[in-house]
Amino acid sequence: MATQPPADDPVQDAPDVSPPQHAAAGLPAIGHSLRVARQQMGVRRTARTLLRVNQKDGFDCPGCAWPEGEKRHAAEFCENGAKAVAEEATLRRITPDFFAEHPVARLAERSGYWLGQQGRLTQPMYLAEGADHYEPVPWERAFDIVADELRALDSPDEALFYTSGRTSNEAAFLYQLFAREFGTNNLPDCSNMCHESSGSALTETIGVGKGSVLLEDLPRADLIIVAGQNPGTNHPRMLTALEAAKAAGTRIITVNPLPEAGMERFKNPQTARGLAGGGTALTDLFLQIRLGGDQALFRLLSRLLLEAAESTPDAVDRAFIAEHTHGFEEFAAAARAHDWDETLRATGLDRDTVERALRMILDAKSIVVCWAMGLTQHKHAVPTIKEVVNFLLLRGNIGRPGAGVCPVRGHSNVQGDRTMGIFERPAPAFLDALEKEFGFAPPREHGLDVVRSIRALRDGTAKVFFAMGGNFVSASPDTEVTEAAMRRARLTVHVSTKLNRSHVVTGARALILPTLGRTERDRQASGDQFVTVEDSMGMVHASRGRLEPASEQLLSETAIVCRLARRTLGAGSGTPWEEFERDYSSIRDRISRVVPGFDDFENKLRRPGGFTLPHGPRDDRRFPTATGRANFTAAPVEYPELPDGRLLLQTIRSHDQYNTTIYGLDDRYRGIRGGRRVVLVHPEDARALGFPDGSYTDLVSEWRDGRERRAPGFRVVHYPTARGCAAAYYPETNVLVPLDATADTSNTPAGKSLVVRLEKPAPETAVTAHT
Ligand SMILES: Nc1nc2c(c(=O)[nH]1)N[C@H]1C(S)=C(S)[C@@H](COP(=O)(O)OP(=O)(O)OC[C@H]3O[C@@H](n4cnc5c(=O)[nH]c(N)nc54)[C@H](O)[C@@H]3O)O[C@H]1N2
Ligand SMILES: Nc1nc2c(c(=O)[nH]1)N[C@H]1C(S)=C(S)[C@@H](COP(=O)(O)OP(=O)(O)OC[C@H]3O[C@@H](n4cnc5c(=O)[nH]c(N)nc54)[C@H](O)[C@@H]3O)O[C@H]1N2
Ligand SMILES: [Mo]
């Protein structure tokens, strides 16, 4: 059966709105995934591909970083995993004719949705200075263009090497090696916009910037708190794990300004009960918190635990605190001084609800806290996550079964890329190990993260932008500033699978280098290769694609790095780039000697399901911090201020997108269909501001630089969010996020608490705005 042609553009944005749903998945999820898959891949390829997702000899799902369980179903996929696979395994193709037909300036007027729908990139393409169109370019010439431009720079620090989180361990390890041999630590990555706040907070407090929980801990927990996360859409397989935990008696508290359907009830499509019956209710207690109120909430819960301990000594774990922690007295003093009224103001919660939460906490011997972007993308994200750690430390909820911190990562290998050294501020020990293994002196000065990279482009101090995947201009904040910055570069280069906006908002010259996806066979001179990835819980395993590549001209990411490195570094490099390209096990051999936890790498991969990386706090309550113990911290409590007549806006994902990749225009669980320019506002707030349901508004963000940032033409949807709060989709709302509005310490764009006003739009913008 033929696949369907892509939809027309521009998208008329007049969404249908119905009440939000109260359960996720079930039969409709299967129907939707099969429909999307068939449109992109046809029937046979759909069946062949979806059966291979996350199987032990198959490929790692390019969707999220949630781990695979030991017991795998014949179809270990979820609706959004299936969409991610279909997006990559699509049979649609972009050939040079497409670029001959469409000038770059016209492509820049298209929506991101339309660009992504055109299909897989098939050939390297070059946009010469002053040219209107991309033209095909042979690979060897493409590498010459990049190498010449890099070598012409006054300093290696004028180059930026971005990574998105789908890159395999092997490619990531070589990419950072190349950047450092070239002479820079400018390795910004999507993590800078994602879980950087978790990394910063956890490294300081427990000494390891990763989660301490394994999949088997979830059903062992008495209580799981899910704060600032929407797993029904973004980590659907997590619902299966939560369902299993419920069956084992675990209780769940959800902390979120939005009542997300997936956390209310899960209808597991892999069980009869899920398909035909009512499914499983997941949340036992819902704390509908105001945006940014979490630090105040966790501080209050800690205060209440300390008070409870005065009459019930085991409300806090004194032995653990004495033996394993530092800074308790200072923290306890700050917690005791923390105030109820301030917490109720910051959170919008009532006293009774907080007390119910406290009783569930006191009843729980072991607690896991899971979180994602709802905690990481605020100005005070790092102190918020440190507050979660304080709360867990009080009852010794780390380093024992059923307890711990569980930051749930986004991109399928974002955690592995970091482990492989994709980091602008590498640890000295990592650089020492590189130096010893490869015999060159890596740069020691810290490099630039995402926000600092944008400033460097804007100010002309960075001149070459190279991206290993991702869609930098759409994912980054302050779209106008970022796009203008990108246009100042001398050369922009994107290693990509699909067309996106970053290919059409370019520097003076630009290259698109098409690459293999996860699902595709990777053939090199020594035979078929596999790669490895690390999931959100530190499990490393192999991933092997089986599909024929989208085009004969694709190179693997690994091969691209190897060839570029040879061309750029020439005889100056003693690194065996040719051998690395020929046989990926030679890369793993080097990784095993440089990266802690990877000794005997190749052999450990033979174990079914792979192996788990060591984690001091989890394994034996070893805390490699500055104090050698787990650190309590007593940062001042913060929460966003909301001026009169304004709303706090969070930027979120719909059910039909993967970051900047738009699969479709519906957000089924929230009752939105056929459009993305919607803003969800509490009915009473909307009425007070004069916006009936179905009216249109511009969103105008207010920031201390006084500059107006406007996103025009949003349909107002009356929605049961927390009072004073609003929500709209990213990337459309990235125009509203000021470049300087970032989290303290982690520098992550604070896209979850923007002060905005609603303004009646000029009539003509009401229904013609595109996604
Ligand atoms: N299908 C699909 N899967 C994905 C992605 C995708 O786009 N599509 N993206 C991947 C990536 S890179 C990532 S990082 C993850 C993102 O996964 P999530 O973090 O789940 O994604 P968001 O849509 O940003 O949702 C943030 C959630 O936090 C809540 N929230 C916002 N602010 C606050 C707050 O101040 N306090 C509390 N308690 N809650 C708050 C929001 O209401 C929302 O439920 O998903 C990954 N998986
Ligand atoms: N306002 C706001 N902004 C945000 C966020 C938010 O919540 N709100 N979330 C932030 C977060 S958590 C993240 S992680 C970032 C995401 O930032 P990015 O990771 O940069 O963006 P993606 O949209 O995931 O990138 C999609 C592109 O990756 C390419 N691609 C896909 N698969 C492959 C592959 O296997 N190899 C290669 N080389 N390329 C591939 C395709 O060309 C596709 O167009 O956005 C951040 N931006
Ligand atoms: Mo992310």
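Let's begin with an open sheet of 3 strands, ordered β2-β10-β11, with mixed pairing. At its edges sit β2 (24-25) and β11 (280-281), each of which pairs on one side only. Strands β2 and β10 (residues 265-267) run parallel and are joined by 2 bridges. One residue pair to look for is Ala-24 and its bridge partner in β10, Phe-266. Strands here are DSSP runs of E with at least two residues, helices are runs of H or I with at least four residues, and both are numbered from the N terminus. Two strands count as paired if DSSP finds at least two bridges between them.

A word on the ground rules: this is a predicted model, where local features need pLDDT of at least 70 and side-chain atom pairs count only at pLDDT 80 or more, while totals for chains, interfaces and linings use all residues. Residues are numbered from 1 along each chain as its sequence is written, chains are lettered from A and ligands numbered from 1 in the order in which they are written, and side-chain values use heavy atoms, with hydrogens and water left out.

Another open sheet has 5 strands in the order β12-β9-β8-β14-β15, and its pairing is parallel. Its edge strands, β12 (285-287) and β15 (404-407), have a single partner strand each, so one side of each has no neighbour in the sheet. On average, neighbouring strands of this sheet are turned by 15° against each other, direction ignored. That angle is taken between axes, which are lines fitted to C-alpha atoms (for helices, over the stretch in contact), and angles run from 0 to 180 degrees between N-to-C directions. Strand β14 (residues 367-371) pairs with β15 in the parallel sense over 4 bridges. In that pairing, Val-368 stands opposite Gly-404 in β15.

Now for the ligands. Where does ligand 1 lie? Both domain 3 (196-268 + 280-407) and domain 4 (647-768) give residues to its shell, so ligand 1 lies between them. The domain bounds come from an automatic or database domain assignment. Around ligand 1 there are 31 residues, and Asn-256, Glu-260, Asp-294, Gln-657 and Asn-659 come nearest. A residue counts as near if one of its heavy atoms lies within 4 Å. The elements α9 (231-234), α18 (373-376), β25 (647-652) and β26 (657-658) each supply at least two residues of this shell. By class, the shell has 11 nonpolar, 16 polar and 4 charged residues. Nonpolar means Ala, Val, Leu, Ile, Met, Phe, Trp, Tyr, Cys and Pro, charged means Asp, Glu, Lys and Arg, and the others, Gly among them, are polar.

| Residue and its atom | Ligand atom | Distance |
|---|---|---|
| Asn-230, backbone N or O | ligand 1, oxygen | 2.8 Å |
| Thr-233, backbone N or O | ligand 1, nitrogen | 3.2 Å |
| Glu-260, polar side-chain atom | ligand 1, oxygen | 2.6 Å |
| Gly-470, polar backbone atom | ligand 2, oxygen | 3.1 Å |
| Asn-500, side-chain N or O | ligand 2, oxygen | 2.8 Å |
| Thr-651, side-chain N or O | ligand 2, nitrogen | 2.9 Å |

How much of each ligand gets covered? Taken alone, ligand 2 exposes 930 Å², and the protein buries 95% of that. For ligand 1, the area exposed when taken alone is 920 Å², of which the protein buries 99%. These accessible areas come from the Shrake-Rupley method with a 1.4 Å probe; for residues, only the protein chains shown count as cover.

A cis peptide bond, with omega about 10°, joins Tyr-730 and Pro-731. Pro-731 is in the loop between β32 (725-729) and β33 (754-759), and Thr-745 lies in the loop between β32 and β33 too. Thr-745 isn't a glycine, yet it has a positive phi of about 70°. Arg-621, also not a glycine, has a positive phi of about 50°, and its place is in the loop between α29 (616-620) and β24 (630-631).

How values were computed:
A polar contact is a pair of N or O atoms within 3.5 Å; within protein, one must be able to donate a hydrogen and the other to accept it, and residues adjacent in sequence count only if both atoms are side-chain atoms.
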